[in-house]
Structure formats: structure tokens, C-alpha cells
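This report looks at how nonpolar residues gather inside a protein and how some of its strands pair. Please keep the structure in view while reading.

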Amino acid sequence: MTVLRVFIADDEAPARLRLRALLSDIESELPNRVVGEAANGDDALALLVALPAEDVADVALVDIRMPGMDGVELASRLTALPRPPVLVFCTAYDQYAVRAFELQATDYLMKPVRAARLLDALRRVPERQANAGADPGGGRSQLSCSERGRILLVPVADILYLRAELKYVTARTGEREYLLEESLAALEQEFPRRFVRIHRNCLVARDAVAGFEHVRDGADGHWSVVLKGLDERLPVSRRQWAQVRAEFADIRTAEH
């Protein structure tokens with residue numbers, strides 16, 4: 001079984017010791033070994049660059065607030081490495097979450113870190129490594145949602161549609177809805193290959209579209225998007241219909 005190589009960067013020795021203990025606790029479920037640790041960003045960068053090939057870190061557990069180079073700057077510098085480690089931030093401060101996900105962090109763990117949360121984050125590392133560089137310019141792989149004092153990650157691949165509502169955007173997956181503090185226009189620009197605008201307030205995932213229904217609710221009626229796995233129908237605006245139909249020329253339409 002592949003052993004996950006972990007690097008720890010935290011200015012507090014007790015915090016580094018706790019992460020080592022947690023890694024030991026979850027080793028039976030996820031084999032791992034610590035290949036190095038540092039108390040600040042400068043030392044972490046120097047050590048990570050100098051690691052021999054057999055010890056190149058798969059993942060870096062990085063604190064945000066450290067003397068000298070902080071965790072955010074360290075994360076930015078690491079992206080220039082030939083094989084940058086996957087990033088998991090471990091911090092007592094939640095105000096850096098948005099910036100962390102802009103840096104493509106896999107997770108953002110609040111201290112005190114729990115074994116189950118650490119295990120969940122590290123289990124996603126191989127997938128992130130496999131997808132690294134696969135779709136440059138394809139945008140983030142996850143969006144962040146603040147909910148009841150927690151930061152939740154919403155995989156973009158799971159999102160069926162995005163709908164603007166007041167100052168929030170609702171992201172709908174097959175299981176539930178998430179409220180994002182994002183701009184619908186910015187999301188459309190970031191993910192042009194994944195989402196198609198069907199209405200001024202709605203983007204739908206291309207691979208979530210099963211078909212179209214014509215609803216007779218007036219003189220001309222309107223077209224709605226039929227989604228895979230959901231009973232909900234999404235109305236297509238008259239302004240967008242011609243473009244939407246051209247995008248999905250091979251998908252059937254039906255009268256309702």
C-alpha cells in the first residue's frame with residue numbers, strides 16, 4: 001500500500017507534536033510517514049525544496065500564522081515547485097479560508113484538529129495529485145461555504161447548478177444546497193467549460209442536463225431544463241433559449 005509522505009509547518013511545537021500523534025493514530029487506516037517539519041515558512045520552503053526524491057512530500061500540513069513567511073505566502077511559493085505538495089491548512093483562524101481555497105488548498109482544518117477530519121482531508125490527496133494540471137484554467141476543484149461556524153468544501157464536479165439569490169449564490173448538488181458568497185458572473189467566467197447560463201440568475205452544469213421540457217403556461221409557454229437525478233426543473237429565459245438549444249443540439253426536447 002502506498003505510504004503518504006507528510007510535511008508539517010507550524011511555529012508551535014505542541015501543535016506539530018499533536019499532528020504527529022494524529023498521523024500515528026490514523027496510520028492503520030491511511031499509511032503515512034512524516035518526511036520533515038519546520039517552525040516557519042522560510043525553513044519549510046528550504047526543507048521542502050531540498051528533500052530527496054524518495055522523500056518528496058505528497059502533502060503539507062501548514063499553519064497560517066507563522067513568523068517571517070506565513071502559511072499563505074508559503075503556499076503561494078510552493079506552487080512553483082516541479083512537484084508541489086497538496087496543501088492542507090491547519091489553523092485557529094477562519095478568516096483566511098477564502099484565500100486558502102484560492103491557493104487550491106484541499107482542506108482547511110480548524111484547531112484543535114481532530115483525527116477524523118485529518119483522515120478525511122488526507123484521503124483526498126491522491127485524487128488531487130492525479131488531477132493536478134489536468135485542466136489548467138478550469139478553475140478551482142472546490143468552492144468554500146461557511147456554515148454554522150464551519151468551512152465546508154463543495155466539489156465543483158458535484159454541483160448540478162448555481163443560482164443567484166439576493167447576495168448569495170446557491171450551489172445545488174444531488175444531496176443538498178449550499179450558500180456561497182460568490183458572484184454568479186465570476187463563477188461563469190471561471191468555469192466556462194463546465195457551466196452554461198440558462199437564465200440571468202442561473203448556470204447549469206453541462207453534464208447534469210438530461211433534456212428540455214416545453215411548459216405551456218401562457219401564450220407561448222417556456223422551456224425548462226430537465227436535470228439528471230433531480231425532479232426540479234429550471235426555467236430557461238427566452239433570451240437564452242437559442243444559445244442553450246445550440247449548446248445541447250443532441251439532447252431531446254419534450255412537450256409538457
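The text below takes the nonpolar cores and then a group of paired strands.

The model is predicted. Its largest nonpolar core has 36 residues. Within this core, L162, V204, F212 and V225 have the most contacts. Strand β12, residues 202-205, gives the core its largest share, with four residues. Another core lies apart from this one and has 24 residues, including V35, A44, M66 and M69.

Which residues are in contact with V225, leaving aside its neighbours within four places in sequence? They are I198, V204, V209, G211, F212, E232, R233, L234 and V236.

Strand β9 covers residues 168-172, and four of its five residues are buried, so the strand is largely enclosed by the rest of the structure. Buried here stands for under 20% relative accessible area. The pairings of β9 are set out in the table.

| Pair | Sense | Bridges |
|---|---|---|
| β8 (residues 161-165) and β9 | antiparallel | five bridges |
| β9 and β10 (residues 177-180) | antiparallel | four bridges |

On the β10 side, R172 stands opposite E177. β9 and β10 also form a hairpin, with four residues between them.

Definitions and conventions. Residues are numbered from 1 along each chain as its sequence is written. This is a predicted model: local features need pLDDT of at least 70, side-chain atom pairs count only at pLDDT 80 or more; totals for chains, interfaces and linings use all residues. Side-chain values use heavy atoms; hydrogens and water are left out. A nonpolar core is a set of buried Ala, Val, Leu, Ile, Met, Phe, Trp, Tyr and Cys residues joined through side-chain atoms within 4.5 Å. Buried means under 20% relative accessible area, exposed over 50%, partly exposed in between (1.4 Å probe, protein chains only). Helices (H or I, at least four residues) and strands (E, at least two) are DSSP runs, numbered from the N terminus. Contact means heavy atoms within 4.5 Å. Two strands pair if DSSP finds at least two bridges between them.
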